[in-house]
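Visitor: I would like to be walked through this chain, one question at a time.

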Amino acid sequence: MLLVRRLTPEDLDVFRDVRLRALTDTPENYGSIAAAERTQSDEEWLAKLAGDAWFAAFDDGRAVGLVAGRARDGDWILYSMWVSAEARGQGLGTKLMGEVRSAAEADGAGELWLHVAEDNDRARRLYLKLGFIATGELEPMPNDVTRRRERLYLPVTAGSSK
């Protein structure tokens, strides 16, 4: 059975495990690397968990997806979206993004935005299908300046003109 829920401090071990799996599985799509995060203390992991809204997808109790969101200048940014290879194609990306969108709406954000690697076609298709709008704003990827990422956004509250 698939379940998506917000992670709490009691989920520290699950959080650390799924985050490191994501960074190891598709390191090219993140602004951090597994080796750096693997050395973080429990306190650093807990601070990361407390500082943002982290949601995980579970299949029979095993974490198979992860996403985070945070408030930023009146809007929200979605980041660290990952679904394990064995769970892809089941709608988990949509469910995970929906949780961040709900948190952004509850916070009164005007828009939800993200960066997607220019060559990550699968993720790009998902975000566009969910209503995100491509901006054409490109910048180098944090860990590989030979690749670029684009900013996409989604208006999340009525009356948003962005």
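Here are some questions and answers on the chain and its sheet.

Visitor: What should I know before reading the values?

Guide: The model is predicted, so to speak of local features pLDDT must be at least 70, side-chain atom pairs count only at pLDDT 80 or more, and totals for chains, interfaces and linings use all residues. Side-chain values use heavy atoms, with hydrogens and water left out, and residues are numbered from 1 along each chain as its sequence is written.

Visitor: How many helices and strands are in the chain?

Guide: Helices (H or I, at least four residues) and strands (E, at least two) are DSSP runs, numbered from the N terminus. Along the sequence they follow the pattern β-α-α-α-β-β-β-α-β-α-β-β. The chain has five helices and seven strands.

Visitor: How many bridges join β6 to β7?

Guide: Strand β7 covers residues 144–155 and runs antiparallel to β6. One of the pairs is P140 with R148 in β7. The bridges between β6 and β7 number six.

Visitor: What share of the residues is buried?

Guide: Buried means under 20% relative accessible area, exposed over 50%, and partly exposed in between, with a 1.4 Å probe and protein chains only. The chain has 162 residues, and the buried share is 46%.

Note on methods
Two strands pair if DSSP finds at least two bridges between them.
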